[in-house]
Amino acid sequence: MPTTVKRANSIKPVSFEDTSIAFSSQSNGKLLKTYWLFALMNRGWVVNLGTFFIKLALKLQLPVKKLIKSTIFEQFCGGETIRDCEKTIQKLHDGNIGTILDYSVEGEDNEKCFDETVQEILRTIDRAGESKDIPFSVFKITGIASTELLEKVQSGETLTEEEQAAYDRVRQRVDALCRHACERNVRIFVDAEESWIQETIDELTYEMMDKYNHHQCIVYNTYQMYRWDSFENLKKATETARKKGYYLGVKLVRGAYIEKERIRAHEGEYQDPIHPTKEETDRDFNQAIDFCLEYRDTISFCLGTHNEYSSQYCIRKMLELKINPGDPHVWFAQLLGMSDNISYNLANAGYNVAKYVPYGPVEAVMPYLFRRAEENKSISGQSSREYRLIKSELKRRKNAGRQ
Ligand SMILES: Cc1cc2nc3c(=O)[nH]c(=O)nc-3n(C[C@H](O)[C@H](O)[C@H](O)COP(=O)(O)OP(=O)(O)OC[C@H]3O[C@@H](n4cnc5c(N)ncnc54)[C@H](O)[C@@H]3O)c2cc1C
């Protein structure tokens, strides 16, 4: 992706505070619109009320699609189709940032939808195979399989004949996606999900790695470092990959399902799989970075994070180990519409960066959008980091205009 591969000894520290680089792709008008959107999302009550009314309006089939499309959807999504995303792909390319097309349809749970989702993900792989602007593809197993079935497989219960046939089809779908990616030299992430289905996801993903990762790293599993067993699992997976002679693709994240996990563990009276504190999650995340850098002969990895400290930690370690910023085994990734200060400043310094670009029909990506709004709402009256950065860039442009 980035065209300039810098020599390790010429690397300078990267500042994430440079808002002129972070928002270089945004016109004044667009930035002002983003400012107002984040200003609104910063008011918790606006997000709560807005979420309630949008859900109600969609249920009653009121004409709110246009409003959603021109506000929150435009901020966090590339469009409704791959073709709609082309503008975003180009814009990110201009900032030396890759796109990861993320077909974000959620909540559809039947065989017909699973097969349609597979067809759409195959199209994202085809699009990725056409240009270097799309360095990875991605999918969620729950987009192509029933959660209930994945859970039953994990529990070890005997499947009925019908369930076994359905699970065979799940394996075939996963294999079809990974094979397609391998044939087109496209790397593919398998997203991590809830702990009660994650073992099934891991098993399917490792099976694919053993099939497609012997010559190059194609299939990537995701490790949620908020789980206290993840670091150990990462080490075990590395050992197995080395024994079996395949490359281990790793996406490191902290984990997105903390509330659900805690509630279920509490209600089910089993041990909470999540670290008791954020500090422990952070410690494991940073240890995992060290580990991945150390085993670069086996591991290719991507940091999926908006955490500035962890991103800085990784580049500092790369510097210490004299690893070039453009090293093909190390990637950084953020979500579209968030943490442009990290993405653009890293890419500007020659690091490999990509952004998830979610897309899909407006109604179907709403759960994803509600999560983004929730994430960006004010916590105890504090403005979100995004809001403060945009405000500071608007001020900088105003002052620059005066000079
Ligand atoms: C490119 C990309 C891909 C992603 N893919 C996935 C995926 O496949 N699966 C997935 O689950 N998530 C995924 N995520 C989301 C990710 O897991 C985080 O939810 C999100 O990025 C916030 O974490 P952070 O590292 O950016 O920053 P931070 O704001 O530093 O961390 C917030 C995270 O810390 C953890 N945390 C917070 N409080 C506590 C606590 N009290 N105890 C323990 N841990 C705590 C939680 O994981 C929380 O989400 C992805 C994110 C990105 C950017």
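Mentor: Gladly, and please keep in mind from the start that this is a predicted model.

Trainee: How many salt bridges does a search of the whole structure find?

Mentor: A pair counts when a side-chain nitrogen of Lys or Arg lies within 4 Å of a carboxyl oxygen of Asp or Glu. Searched in this way, the whole structure gives a number of salt bridges that comes to 36.

Trainee: Which parts of the chain does the salt bridge between glutamate 111 and arginine 169 tie together?

Mentor: In this pair, the closest N and O atoms of glutamate 111 and arginine 169 are 2.8 Å apart. Because glutamate 111 belongs to residues 111-130 and arginine 169 to residues 161-183, the pair ties together parts that are 58 residues apart in sequence, namely helix 6 and helix 8.

Trainee: Is arginine 173, which forms a salt bridge with aspartate 115, buried or exposed?

Mentor: The closest N and O atoms of aspartate 115 and arginine 173 are 3.0 Å apart, and aspartate 115 lies in helix 6 while arginine 173 lies in helix 8, so this pair too ties together parts 58 residues apart in sequence. Aspartate 115 has a relative accessible area of 39% and is partly exposed. For arginine 173 the relative accessibility is 5%, and since buried means under 20%, arginine 173 counts as buried.

Trainee: Where does arginine 184 lie, the residue that forms a salt bridge with aspartate 126?

Mentor: The closest N and O atoms of arginine 184 and aspartate 126 are 2.9 Å apart. The pair links distant parts of the chain, 58 residues apart, with aspartate 126 in helix 6 and arginine 184 in the loop between helix 8 and strand 3 (187-190).

Trainee: How many salt bridges does the rule find across the interface of domain 1 and domain 2?

Mentor: The domain assignment gives domain 1 as 18-77 + 377-403 and domain 2 as 81-359, and their centres, taken over C-alpha atoms, are separated by 27 Å. In the interface, 14 residues of domain 1 are in contact with 12 residues of domain 2, and about 1,200 Å² is buried between the two domains, 50% of it on carbon and sulfur atoms. Across this interface the number of salt bridges found by the rule is one.

Trainee: What is the relative accessible area of leucine 62?

Mentor: Leucine 62 lies in the loop between helix 3 (44-59) and helix 4 (65-76). Together with Trp45, Leu49, Phe52, Phe53, Leu56 and Leu60, Leu62 forms a nonpolar patch on the surface, with about 770 Å² of accessible area together. Leucine 62 is partly exposed, and its relative accessible area is 46%.

Trainee: Leaving aside its neighbours within four places in sequence, which residues is serine 230 in contact with?

Mentor: Serine 230 has its place in helix 10, which covers residues 230-244. With a relative accessible area of 5%, serine 230 is buried. Once the neighbours within four places in sequence are left aside, the residues in contact with serine 230 are Tyr223, Gln224 and Met225.

Definitions and conventions
Residues numbered from 1 in each chain as written. Predicted model: local features only at pLDDT ≥ 70, side-chain atom pairs only at ≥ 80, totals over all residues. Heavy atoms only, no water. Patch = residues over 30% accessible without salt bridge, like charges linked within 9 Å, V, L, I, M, F, W, Y side chains within 5 Å. Areas by Shrake-Rupley, 256 points an atom, 1.4 Å probe, with all protein chains shown as cover. Helix = DSSP H or I, 4+ residues; strand = E, 2+ residues; numbered from the N terminus. Buried < 20%, exposed > 50% of the residue type's maximum accessible area, 1.4 Å probe, protein only. Domains from an automatic or database assignment. Contact = heavy atoms within 4.5 Å. Buried area = accessible area lost by both parts, 1.4 Å probe.
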